[in-house]
Each structure stands twice: as structure tokens, then as C-alpha cells.
Amino acid sequence: MAPMEKFTLIITEKPDAAQRIAAALDINGNLKKMEDGGVPYYVAHRDKPIVVVPALGHLYTVAEEKHGRSYYPVFSFKWAPRYVAEKGVKHIRSWLETISKLAKGADMYIDACDYDIEGSVIGYTILKYACGNKENVAKRMKYSTLTKEELKKAYDELLPTLDFGLIEAGKTRHEVDWLYGVNLSRALTIAAKDWSGRYATISTGRVQGPTLSFLVAREKAIRSFVPTPYWEVKAQIEIDGRVFEAKYEKEIIKTRREADGVVAACKGEYGIVEDVEVNEFKQMPPTPFDIGALQSEAYSLFGYTPRRTLDIAQRLYLDALISYPRTSSQKLPQSINYNEILEGLSGVSEYRALVRELLAKGELKPNEGKKEDPAHPAIYPTGKLPERPLNDSEMRIWDLIVRRFMAVFGEAAIRRSVKVKIKVNGHAFFLRGRQTLKEGWLRFYAPYMRSEEILLPQINMGQKVRVDRIILEDKFTKPPPRYNPGSLLKEMEKAGIGTKATRADIIQTLYDRKYLRGERMVVTDLGFKVFEILQKYCPTIISVDLTRNLEERMDRIQLHMESRESVILDAIEILKPVVEELKKRETIIGEQLSHAVKKSRLEERIVGSCPVCGKGSLMILYSKRTGKRFIGCTEFFKGSCKASFPLPQKGNVIPSEKACPECGWPMVQVKIKGKRPWTLCFNTDCPSKE
Amino acid sequence: MRCKLCSRDAVKNGFCDLHSMAYDNVVRGYEAWKKALEISWKDYLREIVKNPLTGMWAKEVAEHLMKNRGEA
């Protein structure tokens with residue numbers, strides 16, 4: 001690092017943001033990218049030299065005062081560099097060394113990390129620990145997009161201090177979560193290890209436990225569900241040569257006798273139109289996206305998990321294409337300049353006509369929702385166009401955000417519903433029609449709307465209509481649906497547990513710990529066992545109310561209405577008896593968990609039922625003689641099935657939970673480092689092999 | 001005592017808490033099926049065993065009841 005005059009040091013959360021900020025602030029056109037120990041930083045010139053150095057997300061974390069992973073309870077902690085507390089992050093050492101070196105040459109410090117809880121903690125810890133207690137003299141850059149204009153404005157209008165309310169709330173969240181996570185997870189992991197002698201990470205946490213409780217409750221309802229029969233009757237009615245389906249007045253008929261009676265009475269009869277009810281109603285535009293709504297919509301439209309959507313949105317944000325995505329706001333303030341954004345978007349031919357239509361309206365007023373976020377507005381496109389080719393998933397999310405943004409300014413759609421009551425031999429049937437009279441906002445959001453149009457011909461009261469057929473359908477009540485990543489995220493949001501930034505990660509952790517499998521979430525035996533143990537020995541830990549209460553108290557810290565110390569002390573008070581109880585029952589808990597882990601490891605290797613014998617299950621096995629991996633039937637050990645199939649020996653092989661489209665056999669997924677995973681049908685006689 | 005259907009502790013009727021919950025649903029479900037189809041207990045059990053919407057534990061309970069002539 002060459003010596004230079006005193007400069008302003010700007011700290012950003014990610015390298016991409018550092019590059020964008022430096023480029024936006026440089027006025028000499030002489031932006032320099034430098035590197036020190038593999039750490040990039042940028043030197044720009046404005047009123048004086050500016051050095052912009054990125055973090056890599058969190059560089060510091062909560063860690064125990066004393067080293068070692070094999071004991072609990074642990075109630076004393078400190079903030080430490082991540083390379084000290086975690087494995088596999090050695091590079092963070094050089095990162096911190098570079099920041100410390102740069103800090104020595106600076107005379108002004110600016111925290112330009114994302115303006116939210118996590119960003120504030122990242123900036124604060126770096127300023128305090130790596131820059132030598134500069135947290136009290138540092139200024140704060142607040143922005144919601146990485147566009148040049150906004151970054152310049154944020155630099156010119158620096159906040160005089162860091163947001164200590166946000167920082168205190170963030171620190172408390174990390175500390176409380178660490179206390180919960182480390183104590184409970186260690187109690188479970190150590191119990192299982194001491195009993196079986198084998199290590200397996202068995203974790204739970206403040207939000208993980210209650211989230212697992214939602215899943216277990218649903219799983220129990222599904223597994224113990226008994227369907228009940230019922231019947232639906234429909235009439236095929238012919239009007240003006242076209243056939244329409246009318247539904248019987250009772251949507252559900254509970255006895256076969258009654259259903260048969262309706263069919264017998266209506267068969268071969270004519271119908272008389274007894275009533276025609278026409279209603280027109282307004283369908284208001286959607287509200288702007290907050291992160292939860294974007295994640296739910298992306299899941300339902302494209303099947304993207306909340307984690308994936310967040311990652312894509314983060315990339316679009318770093319490309320300055322959209323505003324900061326981790327927001328819970330449904331508001332779009334005028335200051336973002338609607339017209340300028342729309343004009344920018346008109347550079348895309350698909351949007352041009354839609355933009356023109358909106359701009360022609362004159363005054364633009366978004367249909368805002370109730371939710372607010374003090375730090376950021378709702379998610380919106382910046383109006384900038386991609387500078388690099390976006391991949392399919394990025395393109396989809398960007399288009400969704402753009403169209404949603406346009407739709408919120410649209411007029412209400414006007415739709416008409418028609419309900420025709422037709423009497424057939426004393427039994428009433430209803431024919432329903434739906435028609436869009438004025439598209440309004442639907443035009444802007446067209447690819448993502450599923451509004452059904454059923455156009456009915458002119459029908460008059462007293463009109464006689466022909467009944468072509470009476471249809472009787474046997475039905476059964478259905479179990480409650482399984483959660484999927486989108487619906488679980490919504491449930492967590494509704495219950496007020498976790499934050500917009502952490503919910504997706506918590507869901508992922510449940511998968512990583514093998515408490516869950518499949519996209520339609522199935523709780524594994526291990527998930528059940530962990531939940532049961534928590535429920536039996538420490539029910540407070542899985543209490544949604546307690547978790548929500550802690551969340552609320554942490555929100556109050558942000559508003560300076562509660563102190564960090566009191567929340568932490570209370571969390572310790574809750575944890576102490578829980579951990580003592582777990583310790584007392586260590587042997588029995590260890591035994592139960594060890595059995596569940598063993599079963600789960602076996603379960604993981606089951607590919608599906610054996611199509612050869614129809615009795616056993618096909619499993620990934622290892623030859624004792626050669627150590628090679630293959631597929632074999634569990635009935636082999638009983639001597640009744642010799643089915644076996646070779647498998648690739650390289651990489652990781654897991655059940656794919658999909659059936660081969662050619663032969664219907666279960667398939668496996670092969671993952672080799674550096675290659676795209678692929679599914680493989682191991683049936684040597686599969687037609688796909690020909 | 002172990003559950004008749006799994007290795008968990010039995011709590012009621014020889015079933016664990018989970019199979020017991022399923023047992024209650026199976027018994028309760030019969031009322032609706034009897035009314036709907038005028039069906040015998042035995043036929044009801046057969047029907048729910050082959051129904052793909054029946055939950056795994058309820059199916060295990062129904063199969064067990066079929067083997068034991070309808071008795072828990």
C-alpha cells in the first residue's frame with residue numbers, strides 16, 4: 001500500500017457495492033482498483049481521496065470467552081473475528097488486516113453497509129474492532145439503491161452518526177440467538193455423541209424450534225388423517241348450442257343416498273332459469289413487493305425457494321437494477337421519482353407501451369399496503385437496464401418486480417360476475433360466469449395473473465334450458481396441504497417469528513440438519529425426535545409466544561424503549577433451567593437421538609420401492625469386499641430379492657425422489673464437484689438406454 | 001409397554017401418542033362413512049386402507065384393526 005494523503009474510508013457490506021460506490025463518487029474519472037493481500041479496495045477522488053473497502057458480510061461474530069466445543073451451558077460471550085470462532089473462513093484474517101491498515105491512514109470514516117439491522121452490525125463491528133474504536137466518530141451513508149444519483153446524494157447528505165438503536169437491536173439478536181443456539185444445540189449434539197460415540201450436528205435455536213413445531217403439527221395432521229367421502233353433483237346445461245357446467249346448490253352432499261336422489265330427480269328433465277344475478281366489482285391493483293411477498297410470489301410462479309429468490313434479488317440490487325430487497329415496506333415514496341424510473345424502463349421494448357400508458361395518466365399514485373419499514377421503501381426497479389446479460393432466473397425476478405411496480409400504479413380492474421340459478425325438477429343449480437370489463441392494472445401484470453374468464457351468453461329469467469347430463473362425482477376430503485418453502489415463510493411471518501433477513505436461512509437449516517426433506521416438506525424421523533425431545537424436556541423453547549415476545553422486545557430496543565442488557569439477562573434466565581433439565585436427561589436424550597440419527601442415515605439412502613420384487617426398498621449400499629457403491633434391495637438380506645444395479649463411483653449420489661419418465665423406476669441424483677447435478681435412471685433395461 | 005405399531009411408548013389402547021391420535025381419527029371417521037355409505041366397520045377399514053389420502057399412521061392403525069377383527 002503506497003502512502004497517500006489522509007483520506008475518507010468508506011466501508012461497504014459486499015465487494016460489488018464497494019465498486020459501485022467508488023465509481024459513483026469519483027469525479028476525476030480516475031478510479032483505481034487496488035489489492036492488498038487478496039483484498040480489493042478502490043481509490044476515488046472527490047473533495048479529497050476516498051478509499052472504499054468492502055466487507056464480506058459479517059467479519060465478526062459472537063463467540064464464547066473460553067475455547068472448546070464440548071461443554072455447556074455457556075453464558076459468557078464476546079464479539080470476535082469470524083476466523084477465530086469458525087472453521088473454513090481463514091481468508092477473513094487478511095480481510096481484517098487490510099481494513100485495519102487502511103483505517104490508520106484515514107481521517108474520516110463512513111459506514112456504507114446496507115441500511116438494516118445486519119448491515120448496521122457489520123459496519124459497527126468493523127469500525128469498532130478493526131478500525132480502532134471509530135464507531136463513535138463514523139458517519140452513515142443511507143441509500144436504498146446502488147444507482148449513481150442516489151449514492152452521490154447519500155454521500156452529500158451523510159447521517160452524522162451510526163444508528164445505534166439498530167445496532168443495539170442487531171447485536172442483541174445475534175447474542176440471544178447465539179445463546180440459544182450454542183446451548184441447545186450442544187446439549188443435543190453432546191448427548192447423542194456421548195451415547196453413540198459418533199458425531200452428528202443436531203441443532204435447534206430460538207426460531208428453529210417454533211418453526212419445526214409448525215411443521216410437526218402439520219405432519220401429524222397429515223399422517224393421522226382419515227378421508228371422508230362426499231359427493232358433488234353437476235349439470236351440463238345447453239344454452240344456444242353451447243354446453244356449460246352448473247353446480248348443484250349444495251356444494252357437498254354427505255350421503256350417497258341423497259346424491260343418488262338428486263341425480264335420479266334431475267335426469268332427463270329441463271331446467272328453468274329462476275334468477276340471474278349480475279354484479280360488477282373492482283379488483284384493486286396489488287401492493288408493492290416487500291421481501292416476503294416477492295418470495296411467496298416467486299415460489300408460486302416459478303417454484304423458487306425463498307432463499308433462491310433472496311439471492312437473486314440481492315444480485316439484482318448489487319447490479320443497481322432494483323432497490324434494496326430486504327425490506328418489509330409496502331410503500332413507495334414519491335421521492336424515488338416514479339416518472340424517471342418508468343422512463344428508464346421504457347428502454348425495454350416489452351415495457352414501452354405500458355410505460356407510455358402510465359405516463360399519460362399524469363399523476364401517478366401507487367396502491368400502497370399498510371406495512372412500513374423505517375429503513376427502506378418497498379422493492380422497486382431503479383429504471384436502470386441490465387449492463388450484463390441476466391440469466392433466466394434473474395430475468396424472471398427482474399421482470400416480475402418491474403411489472404409489479406407498473407401494476408401498482410394501474411387503475412382498478414373492473415370485473416363482472418354472473419350467477420344464474422336454474423331449477424331442475426325442484427333442485428337448484430348455479431351457473432357462474434366471470435368477465436373482465438376493464439383490464440386496468442391486469443394489463444401490466446398480465447403474464448403473472450390467472451384470472452379466469454367464463455363468458456355466458458344472454459340468459460333471461462324464465463328461460464327453458466336443456467339438461468344434457470347430470471354428473472355425480474365421488475370425492476374425499478383431503479388432508480391439510482404440506483408446507484412448502486413459500487407457505488412456511490408466510491406462516492413464520494404471520495406468527496411474528498424470525499426476521500425478513502433470517503427466515504429463509506432458518507428454513508434452509510431445517511433441511512441441512514435433515515429434519516425435513518422434499519419440496520413439499522416432509523418431517524423426517526429425526527425432525528420428529530428432536531421436536532419431541534424439546535417438547536418433553538423444554539417446551540418453552542418451542543413456544544411461538546415466547547419467541548414472538550423476544551422479537552417484540554428486540555424491536556423495542558431499536559426504538560430505545562428497552563435495553564439490550566435486560567433482554568439478554570431474561571434470555572439467560574429462560575435458558576438456564578432448560579439447559580439444566582437437558583443435562584440431567586442427557587443419557588436418555590442421547591439414546592433417543594442416536595437411534596433417530598441412525599434411522600435418518602438409513603432413510604437418506606433409500607431410493608424407492610423395489611420394482612423387481614415389489615416388497616423391499618432399493619437402497620444405496622457399499623460392497624464390503626470392494627467398497628464400491630451400488631443399488632441393492634433390502635429384501636436381499638432375507639434372501640428373497642437379488643436386484644442390484646451399478647452406480648457411478650465418483651461424486652455424491654442421493655435419491656432424487658423422482659420417477660424415471662420412461663420406465664417409472666426411482667432415480668438417483670449424481671453430484672460431482674464443479675459439474676451440474678444430473679438425475680440418473682439406474683435401470684439397465686430402461687428404454688431410455690436404447 | 002411398547003406401541004403395537006412402532007417402537008414408541010404406548011399411552012392408550014396399546015398405541016403410542018401418534019398412533020393413538022390416528023386411532024381416534026379412524027374411530028371418529030367411521031361415523032361419517034357409516035352415514036355416507038351405510039358401510040360396515042370391516043368394509044370401512046378396507047376402504048380407508050386402500051385410499052391414497054389416508055395418512056400413514058391411520059393406515060397402519062386400520063391394517064392392525066383388520067388383522068385383529070376390528071379390535072384395538
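In this predicted model, 15 residues of chain A are in contact with 19 residues of chain B. Two residues are in contact if their C-beta atoms, placed from the backbone, lie within 7 Å. Helix 7 (residues 208-223) of chain A gives the largest share of the side of chain A that touches chain B, namely 3 residues. By class, that side of chain A has 7 nonpolar, 3 polar and 5 charged residues. Ala, Val, Leu, Ile, Met, Phe, Trp, Tyr, Cys and Pro count as nonpolar, Asp, Glu, Lys and Arg as charged, and the others, Gly among them, as polar.

The model is predicted: local features need pLDDT of at least 70 and side-chain atom pairs count only at pLDDT 80 or more, while totals for chains, interfaces and linings use all residues. Residues are numbered from 1 along each chain as its sequence is written, and chains are lettered from A and ligands numbered from 1 in the order in which they are written.

Chain A contains 19 helices and 23 strands. Both are DSSP runs numbered from the N terminus: helices are H or I with at least four residues, strands E with at least two. The C-alpha trace of chain A spans about 95 × 80 × 60 Å along its principal axes. Of its 690 residues, 41% count as buried. A residue is buried if 20 or more other C-beta atoms lie within 10 Å of its own, exposed if 12 or fewer, and partly exposed in between, with C-beta atoms placed from the backbone. Among contacts in chain A between residues at least 6 apart in sequence, 68% join residues at least 24 apart.

The domain assignment of chain A gives domain 1 (7-162), domain 2 (170-223 + 496-598), domain 3 (229-285 + 413-476), domain 4 (291-407) and domain 5 (608-689). Such bounds come from an automatic or database domain assignment. The C-alpha centres of domain 2 and domain 3 of chain A are 50 Å apart.

Two packed helices are described by the angle between their axes and the distance between the axes. Axes are lines fitted to C-alpha atoms, for helices over the stretch in contact, and angles run from 0 to 180 degrees between N-to-C directions.

| Helix pair of chain A | Angle | Axis distance |
|---|---|---|
| Helix 4 (residues 117-130) and helix 6 (residues 164-196) | about 95° | 8 Å |
| Helix 10 (residues 306-318) and helix 13 (residues 392-407) | about 80° | 10 Å |

Helix 4 of chain A is therefore roughly perpendicular to helix 6 of chain A. Angles under 35 degrees count as roughly parallel, over 145 as roughly antiparallel, 65 to 115 as roughly perpendicular and the rest as oblique. The contact of helix 4 with helix 6 of chain A has 6 nonpolar, 3 polar and 3 charged residues. Helix 10 and helix 13 of chain A are also roughly perpendicular to each other, and their contact divides into 5 nonpolar, 2 polar and 2 charged residues.

The axes of helix 17 (residues 544-558) and helix 18 (residues 564-584) of chain A come within 9 Å and cross at roughly 160°, so helix 17 is roughly antiparallel to helix 18. Leu550(A), Arg553(A), Met554(A) and Ile557(A) in helix 17 meet Arg564(A), Val567(A) and Ala571(A) in helix 18.

Ser543(A) lies in the loop between helix 16 (525-537) and helix 17 of chain A. Ser543(A) counts as partly exposed because it has 15 C-beta neighbours inside 10 Å.
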